[in-house]
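Open the model in your viewer and follow the stops below in order. Each one says what to select and what is there.

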There are 2 protein chains.
Amino acid sequence: MSPSKTSSVTAADPSRSRRFPARHLRTFSDDRELTQNIVQETIANPGSVKINVEGAFIVDDEPESPKSVDRDGIHYERKDIRLPHHTGVVSHVAVDIGGSLCKLVYFSREHATCDNGGRLNFLNFETERIDLCIEFIKHLKENHEARSPADKLCVMATGGGAFKYYEMLKDALGVDVIREDEMECLIIGLDFFITEIPNEVFTYSETTSMEFAEARPDVYPYMLVNIGSGVSMVKVCGPRQFQRVGGTSLGGGTFWGIMSLLTGARTFDDMLAMADKGDNTGVDMLVGDIYGTDYGKIGLKSSTIASTFGKVFKMKRAAEQSAEDGEGLSHSDNDSVDDPSSFHHEDMSRSLLFAISNNIGQIAYLQSEKHKIKHIYFGGSFIRGHRQTMNTLSYAIRFWSNGEKQAYFLRHEGYLGSVGAFLKRQPENWGRRSSFEEAAAVRFANYRDELRRSSSREGEPIS
Amino acid sequence: MSPSKTSSVTAADPSRSRRFPARHLRTFSDDRELTQNIVQETIANPGSVKINVEGAFIVDDEPESPKSVDRDGIHYERKDIRLPHHTGVVSHVAVDIGGSLCKLVYFSREHATCDNGGRLNFLNFETERIDLCIEFIKHLKENHEARSPADKLCVMATGGGAFKYYEMLKDALGVDVIREDEMECLIIGLDFFITEIPNEVFTYSETTSMEFAEARPDVYPYMLVNIGSGVSMVKVCGPRQFQRVGGTSLGGGTFWGIMSLLTGARTFDDMLAMADKGDNTGVDMLVGDIYGTDYGKIGLKSSTIASTFGKVFKMKRAAEQSAEDGEGLSHSDNDSVDDPSSFHHEDMSRSLLFAISNNIGQIAYLQSEKHKIKHIYFGGSFIRGHRQTMNTLSYAIRFWSNGEKQAYFLRHEGYLGSVGAFLKRQPENWGRRSSFEEAAAVRFANYRDELRRSSSREGEPIS
């Protein structure tokens, strides 16, 4: 084990104000006068400031954009969302604190001027290092208050940690912490990404790779499969009409946990990188391993995985048998590279990643069938744009549905909850060209009219 | 690692004829004259001998019954099926060779007389040690041919290994090996157990434990979930009308493989015994670990498992952090008992067993919904009457169906395929009070009559 990056960097760079790259702190520019004017306006007209999503786009290849690499326990995402026409003051940040990761979203003004709009920034921390997240927010707060003394920063928090760490957040930051329901935030966030951000939603396959999906006029119903430490499947029938219909405990935490025990890898990304280089047939039992050929009668190819990790026990036994038969391996050699029971970390990683993704794909398909839903969106930090993961999920949906359904992915898949919490701070209609409430009100009115008409025909007026 | 039982016992007991307990070889008694008469009768009247299941029962507590313990690589089951009225000669054995286990069924005559019927015997070997299985069958064959020189033993074989090891079986045994389709055998075997063997099928719950299920008049449709190294789910609509509708690669082989890597345990039963003593909350991330409380709004209790093995990564990190902070743990201490990252084998075993069983339960339920099937039978050698496994599967079906469906188990859950192959050797109607074909013919005739009547009403006669 190498010393932790976190500790060593902290030691080398003790000045808190220098710990975060400058770009990530430009939120609160020095243009204090302009900002204060806007704040005054906001106070005078509460509810008048909205997130302006006109012309919103994802920043893909900005030269100064930092690489999404761990730094000091912080994982910076690329792909900020530019909001070129948003001029209003934003005095809140949002955080989604899950079982393994803590995802932060905040708004920053562009190039220290107001007329060029701003952008949404995305970053995450391990929940285990929530202290780093708090420190980061504290820094945002200090900058914000330095510029706008009359305006207090507020933290929107969701995910289980919003409850578990509520007192800690409040005490450490000395700000209002507003807790929001996790599922509701996920859906509000997803809804925002689907309807408002171009080039956000895409489909994926091995052959065509990434293909952006056009926004559909009929958004609902859809299903969200959110893969974090565990997995939640949420049926969404309309704006803020949702129900958690299922899930599985076999999720990102399972992959992370088992792989850290089996391989000693220390980061999720290291495990994914191993999976890229692995060959799952080194540990998986294929139909061909059982049959010697395919099982054509029921359509199982020789290469179909019959049992995840199913080859391991057999090979361990064989290795032990050889050792006992005196073929040169003593028991103490068990961990040596010559021992056939030392399975490749890469193979194990690929196998488990495949199994977990495939399993989620199958359950998602079956739940979508049960609830008669065609569109399935996959979100959550487990995916993180990894090809094999997306390909497996995508293939599973196509396979089980005989090509009738497909999987949809998002470029900000890990930030649905935090973006949802961020948007919840807004007055009605923020971040929506057509608000949830408006749409719901129209629907209700139509329904009521219909009911009134049909009742009248039967001679029973409804007041 | 201790030396293999197999090798040491073989070395201590080199005489092949003494390697199998006498009880298991009484099949072919010394009552040669009587047997030969029956053989002559069989040859003279082919197809006239049927398995007589009248008064069949499961032998529960026979004093001389050997314990179901591994011996020389052989796992003897208890619970033979007594067939007190079967007097015909049986000149075949059946074997179902799966990815991990090879299951053998054979008939033996009772107490060296013919008028007391006989019994079906059940035992298994690891497929890795198929040599032991072949040796066992060779021994049965020698005994059979010694008594009935005119009659050759035949081996009915199913499962993938029936194909993979076909030549090996034929060459080593010098007998006819008849290969049968795996899914078909599973269904024939299950059908036999459901309809012909009293006290075979049962339901299970933590509170009521085992409750035998009465045979239903409406057997079909049902779903079989067969859990071996991998898992197959088969929809059965009528006698020999079946379709593999799904499955998962997360099965017995996965549990066996991952556990052997994580714990070094060498037998499946050792792993199950560990699971009995474990506490999965030592490695699983619960809703309470994320929320600090329950997530009542969507009905998730604090004790609900959010992520299988989800606590591992966090705790490993914390342990490493402590070590780096100089709290007494050096890196080389990583495997010491004081290291919090050394998770208990028992906890890991319980967690993984629960996760795999629960996952299969959920998928089975969803498949049963998709195919509109109420009755779900769980078979396969993964279950082996283990309380936690059955309880988890059972709970999953009740939970997901809101108590509308339940899981059915079988006392011979691992032998569906081999019993199916055994029965396939029979002439039509063997082992069935009312044959498959008869029932199908009656149904077809009824359907045809109905069709004729309704068509006649519309003036379109059908010939």
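Predicted model: local features only at pLDDT ≥ 70, side-chain atom pairs only at ≥ 80, totals over all residues.

**Two copies, one axis**

Select chains A and B.

Residues are numbered from 1 along each chain as its sequence is written, chains are lettered from A and ligands numbered from 1 in the order in which they are written, and side-chain values use heavy atoms, with hydrogens and water left out.

**The interface**

Show the contacts between the chains (heavy atoms within 4.5 Å). Of the interface residues of chain A, 100% are also interface residues in chain B, so the copies meet through the same surface.

**Aromatic rings**

Now select Phe, Tyr and Trp. Rings pair if their centres lie within 6.5 Å, taking the six-membered ring of Trp; planes under 30 degrees apart count as stacked, over 60 as edge-to-face and the rest as tilted. The count comes to 36 aromatic pairs over all chains.

Zoom to B:Phe268 and B:Phe382. Their ring centres are 6.0 Å apart and the planes stand at 80°, so the pair is edge-to-face. B:Phe268 is buried at 4% relative accessibility, and B:Phe382 is buried at 2% (under 20% relative accessible area, 1.4 Å probe, protein chains only).

Next, select A:Phe255, A:Trp256, A:Phe268, A:Phe382 and B:Phe313: ring pairs link them into a cluster.

Technical notes: Buried < 20%, exposed > 50% of the residue type's maximum accessible area, 1.4 Å probe, protein only.
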